[in-house]
Amino acid sequence: MTQIDRPFRPRRSRTGRRISRTVAAATALLITLAACSAGGDPAPHSSASGKQRAKQAPTWRTDPGSLAALGDSITVGFDACTVLSDCPEVSWATGTDPKVDSLARRLVTHPATQSWNFAKTGALMSDLPVQVASAVRRKPELVTVLIGANDACRRSVGAMTPEASFRADFARSLTSLRRALPHTQVYVAAVPDLLRLWSEGRKNPLGKEVWKLGICGSMLRDPDDLTKPAQDRRAKVRARVVAYNAALAEVCGKDPLCRFDGSVFDYRFTDRQLSTWDWFHPGARGQKELAELAFRAITRRPA
């Protein structure tokens, strides 16, 4: 059998083979880098970062479709129309009186069927969880909270609600609401400045006589007593209100869909905004001012 000569193929040296592998690896690296710079697949750990960026923070809406109001006598219009009676039609939050132009009238298309008032005269912060439970059944898009004046307005300074208890009850209420309604917005108004209520209301002789019935004894007792002990007592009540508002602001500030409005405490109201029945609660004019303050805060665009 004739043997066919094979063509001559020179053998590669080991050095040559190493050079070839190095060139191939370098070429592959260049191709990978080029693909990444041209928008190719990111590194595995970048995928998680992309998903995190995709999660957008909750956005505050300035046009909620429904509203539930929580709070105390202020929100049910106590003493705003007749003596010792609730007057919900002039409530700053859900009232129907056009002269007040409540928050519900300004924000909600159908306030008669899409706004609810669960506030109670005499309510304390410890009563707020029960009101929250009632509100969540309606699934409102906005919940308003104005409560805390009664926690400071006790028969004496010693009977005021401790700041720690006030904070805990509010935090529990907000947590409960958030668990049931994760997308509902919450507007929290500051507790009004009770010292200013004293300074304005005491200008009216009849008002001072009504206060003797026992309204907010910690602040309003002996309204003409300007001795140091009396001034110190009033200062302690005001300091407790300031502490309450700090607690409201802090707890609310941890929730991206909660807005605390300190303007209610800062507002320089006069006796013209007070009830002509007790010179302590807001009258119809005062309710109108509260509605305006709340409307500004709620419709303010996020920064």
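A residue is called buried under 20% relative accessible area, exposed over 50%, and partly exposed in between, using a 1.4 Å probe and protein chains only. This is a predicted model, in which local features need pLDDT of at least 70, side-chain atom pairs count only at pLDDT 80 or more, and totals for chains, interfaces and linings use all residues. Residues are numbered from 1 along each chain as its sequence is written, and side-chain values use heavy atoms, with hydrogens and water left out.

Start with Trp-92 and Tyr-187. Both are buried. Helices (H or I, at least four residues) and strands (E, at least two) are DSSP runs, numbered from the N terminus. Trp-92 sits in the loop between β1 (67–71) and α3 (103–107), and Tyr-187 in strand β4 (residues 185–189), so their pairing ties together parts 95 residues apart in sequence.

Now the rings themselves. Rings of Phe, Tyr and Trp (its six-membered ring) pair if their centres lie within 6.5 Å; planes under 30 degrees apart count as stacked, over 60 as edge-to-face and the rest as tilted. Trp-92 and Tyr-187 are edge-to-face, because their ring centres are 6.2 Å apart and their planes stand at 65°. Phe-166 and Tyr-244 are stacked, at 4.0 Å centre to centre with 10° between the planes. Phe-166 belongs to helix α7 (residues 163–180) and Tyr-244 to helix α11 (residues 228–253), so this pair ties together parts 78 residues apart in sequence. Phe-166 has 0% relative accessibility and therefore counts as buried. Tyr-244, at 0% relative accessibility, also counts as buried.

Next, the two helices. The axes of α7 and α11 are 9 Å apart and meet at an angle of about 30°. Axes are lines fitted to C-alpha atoms, for helices over the stretch in contact, with angles from 0 to 180 degrees between N-to-C directions. α7 is therefore roughly parallel to α11 (under 35 degrees; over 145 is roughly antiparallel, 65 to 115 roughly perpendicular, the rest oblique). Contact means heavy atoms within 4.5 Å. Among the contacting residues are Phe-166, Phe-170 and Leu-174 of α7, and Tyr-244, Ala-247 and Val-251 of α11.

Arg-196 and Trp-198 are among the buried ones.
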